[in-house]
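Student: I have not seen this structure before. Could you take me through it step by step?

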Protein chains: 2
Amino acid sequence: MTHSPDYRPTAAGVALAARKVAEILPRTPLLPLEVEGRTIWCKAESLQPVGAFKIRGAWHRLTALRETERARGVVGVSSGNHAQGVAWAARRLGIAAAIVMPIDAPAVKLDNTRALGAEVILYDRPGGEDRDAVAGRICAARGATLVHAFGDPWVIEGQGSTGTEIAAQMAELGLEAPDQVVAPCGGGGLTAGLALALPDARIVPVEPEGWDDVCRSLAAGEIQRVAADAPPTACDALQTPATWPVNFEIMKARCPFGLVATPAEIRAAQRLAFAKLRLVIEPGGAAALAAVLAGKVDLTDRTAVILSGGNTDAEAFARVLREDT
Amino acid sequence: MTHSPDYRPTAAGVALAARKVAEILPRTPLLPLEVEGRTIWCKAESLQPVGAFKIRGAWHRLTALRETERARGVVGVSSGNHAQGVAWAARRLGIAAAIVMPIDAPAVKLDNTRALGAEVILYDRPGGEDRDAVAGRICAARGATLVHAFGDPWVIEGQGSTGTEIAAQMAELGLEAPDQVVAPCGGGGLTAGLALALPDARIVPVEPEGWDDVCRSLAAGEIQRVAADAPPTACDALQTPATWPVNFEIMKARCPFGLVATPAEIRAAQRLAFAKLRLVIEPGGAAALAAVLAGKVDLTDRTAVILSGGNTDAEAFARVLREDT
């Protein structure tokens with residue numbers, strides 16, 4: 001199935017993505033966690049085959065390509081999780097994939113992307129090189145299709161299938177669909193997708209301190225950029241300079257506000273997920289849980305929290321674990 | 001439902017346990033892992049609410065108690081995982097639980113058992129105190145029912161439900177039931193249960209070096225004990241001095257042999273589970289995967305591996321992660 005260039009993501013597209021994803025990926029568990037005497041529902045997307053929800057959007061996008069597009073390959077831009085998602089889907093479909101990745105991406109993400117058979121092209125993120133420009137040049141030279149990490153209607157729909165699954169899993173437990181979903185937010189692909197999937201829920205995006213462009217954009221009513229001197233962050237997966245209009249249109253209509261998690265709050269959430277859920281969660285993947293544990297979220301009876309990824313280097317994770325020992 | 005004292009565990013009992021468990025516990029995921037070009041299926045029992053499969057046997061046992069037995073409470077003996085399983089089931093059923101635990105159990109296991117509302121009674125494992133004698137005294141004084149960690153027919157049946165679930169999950173993937181299951185082995189509750197659940201599969205128990213009493217018992221054809229000077233092991237969950245006849249009868253008939261994993265092999269398996277599956281697995285829980293990764297298991301096309309638990313202290317896990325960095 002293909003769409004016109006001005007295609008906008010829809011709830012029907014999310015439903016289609018959820019069916020496509022269910023054919024190929026086992027459902028990730030929805031784990032209960034007691035917080036302040038309430039049960040919240042943690043969606044462990046870190047247990048996807050590539051360790052993050054990004055596999056959903058990549059699969060929905062690549063399966064929507066025409067035969068002629070497939071033959072010319074795809075190009076992804078990513079710090080690592082979208083990279084692995086695109087590489088995984090491309091290998092499965094026999095499509096050539098090149099991924100533009102920052103030279104300071106976690107080694108585990110670079111290694112895993114290469115292990116999935118993708119060509120990795122490094123760019124100088126710390127030096128300020130524009131990744132989209134790098135990707136654009138490669139696409140132009142090869143006639144390849146750009147698979148954007150978040151500003152793409154199919155990618156948004158694919159990520160939204162996470163919400164569809166949560167609602168189905170809660171129904172099996174005899175519960176109504178979540179009335180609130182707290183999600184880590186980089187460019188807003190997951191946040192926008194969840195908003196389409198769950199029209200009656202409040203969707204709360206959570207960003208790392210200093211990378212709160214979506215928070216400020218929601219407050220301002222128009223897209224704001226991360227400051228040029230934004231601080232370093234362990235949340236490589238959420239380091240996006242600004243959201244895109246296709247994401248922001250949806251978020252503006254559906255997200256009253258965004259929240260910010262500090263580095264210490266994020267590390268505390270990683271340690272809690274280790275001890276209580278026995279999950280390895282990367283810093284960016286723990287941002288939403290961090291906001292919940294820090295008391296920044298008004299908990300409801302049916303709050304779901306996305307644990308979006310688990311790709312972190314052993315040394316970095318050991319440092320996080322040791323902080324309180 | 002109750003049984004006579006000479007009740008022996010059966011495949012029908014496992015099927016009943018699987019139905020009872022399915023009513024109360026979400027299924028743990030069965031995660032594919034590529035090893036030497038083959039896919040093995042990893043059953044993540046570390047994701048159970050108490051972080052280990054032990055919750056299955058405890059639930060099946062406690063729900064089989066008569067009302068008069070429930071009123072007098074239960075006593076468990078455990079380094080921590082069975083403790084948490086019994087405490088969880090007892091709280092859920094409103095039964096008083098006392099757990100006899102070694103003073104050198106991981107702090108996380110002691111804390112979690114108390115947090116589940118159980119009374120923890122410590123015994124001096126390093127000093128050689130006999131835990132069964134301690135438990136026996138408490139049972140006699142209170143009229144409480146002993147819930148043994150492995151030498152109990154209901155516990156064996158409950159643990160076997162792990163195998164029932166694996167077969168169902170593989171069927172949903174269009175695969176036949178596993179023809180081989182590799183499982184960490186302490187006293188043999190899980191191993192015997194898997195044998196009952198999967199009558200056509202080879203069941204391979206894996207023990208830590210120096211604690212290989214089941215290996216030697218299978219070779220000798222009769223129950224052997226761990227040596228009095230057995231080395232220290234990080235696998236606290238597998239530190240049992242000897243299996244019991246109710247377990248050994250089944251294992252002798254169904255397990256051609258057992259395997260041993262070294263401490264280094266176990267740490268390597270914990271690191272691989274961290275990096276490739278994003279799971280926190282405790283040393284004892286990684287023993288079966290360790291044997292597979294060390295090339296000690298003849299892999300088949302349908303080999304399942306049990307990752308039996310994930311309760312490990314942050315400091316201990318950080319040390320394991322740092323070993324290769």
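Predicted model: local features only at pLDDT ≥ 70, side-chain atom pairs only at ≥ 80, totals over all residues.

Student: How many Å apart are the axes of H1(A) and H2(A)?

Tutor: The axes of helix H1 (residues 11–24) and helix H2 (residues 54–62) of chain A lie 10 Å apart.

Student: Which residues meet there?

Tutor: From H1(A) come A:Gly13, A:Leu16, A:Ala17, A:Lys20, A:Val21 and A:Ile24, and from H2(A) come A:Arg56, A:Trp59 and A:His60. By type, the residues of this contact are five nonpolar, two polar and two charged.

Student: Now the sheet. What is the order of its strands in chain A?

Tutor: The order is S1-S2-S10-S7-S8-S9, in an open sheet of six strands with mixed pairing. S1 and strand S9 (259–261) are the edge strands, each pairing on one side only. Neighbouring strands are turned by 30 degrees against each other on average, direction ignored.

Student: In which sense do S1(A) and S2(A) pair, parallel or antiparallel?

Tutor: Strand S1 (residues 30–35) and S2(A) pair in the antiparallel sense, over six bridges. A:Pro32 stands opposite A:Trp41 of S2(A). The hairpin of these strands has two residues between them, and A:Glu36 takes a positive phi near 50 degrees in that hairpin.

Student: And what joins S2(A) to S10(A)?

Tutor: Four bridges join them, and these two strands run parallel. One of the pairs is A:Ala44 with A:Leu307 in S10(A). S2(A), residues 38–44, is also mostly covered, with five of its seven residues buried.

Student: How many bridges join S7(A) and S8(A)?

Tutor: Five bridges join strand S7 (residues 180–184) to strand S8 (residues 202–208), and the two run parallel. A:Ala183 has A:Pro205 in S8(A) as its bridge partner. Helix H8 (residues 189–197) of chain A packs on the sheet, touching S7, S8 and S10 of chain A, and its direction makes about 165 degrees with that of S7(A).

Student: Over to chain B. How many residues of H8 in chain B are buried?

Tutor: Nine of its nine residues are buried; B:Leu190 and B:Leu194 are among them. The elements covering these residues include helix H1, helix H7, strand S7, strand S8, helix H10 and strand S10 of chain B.

Student: Last topic: which residues have the most contacts inside the largest nonpolar core?

Tutor: They are A:Ile40, A:Leu279, B:Ile40 and B:Leu279, in a core of 62 residues. B:Ile40 touches residues including B:Leu31, B:Val35, B:Leu289 and B:Val305.

How values were computed
Residues numbered from 1 in each chain as written. Chains lettered and ligands numbered in written order. Heavy atoms only, no water. Core = buried A, V, L, I, M, F, W, Y, C linked by side-chain atoms within 4.5 Å. Buried < 20%, exposed > 50% of the residue type's maximum accessible area, 1.4 Å probe, protein only. Contact = heavy atoms within 4.5 Å. Axes fitted to C-alpha atoms, helices over the stretch in contact; angles between N-to-C directions. Nonpolar A, V, L, I, M, F, W, Y, C, P; charged D, E, K, R; others polar. Pairing = 2+ DSSP bridges. Lists of a residue's contacts leave out its neighbours within four places in sequence.
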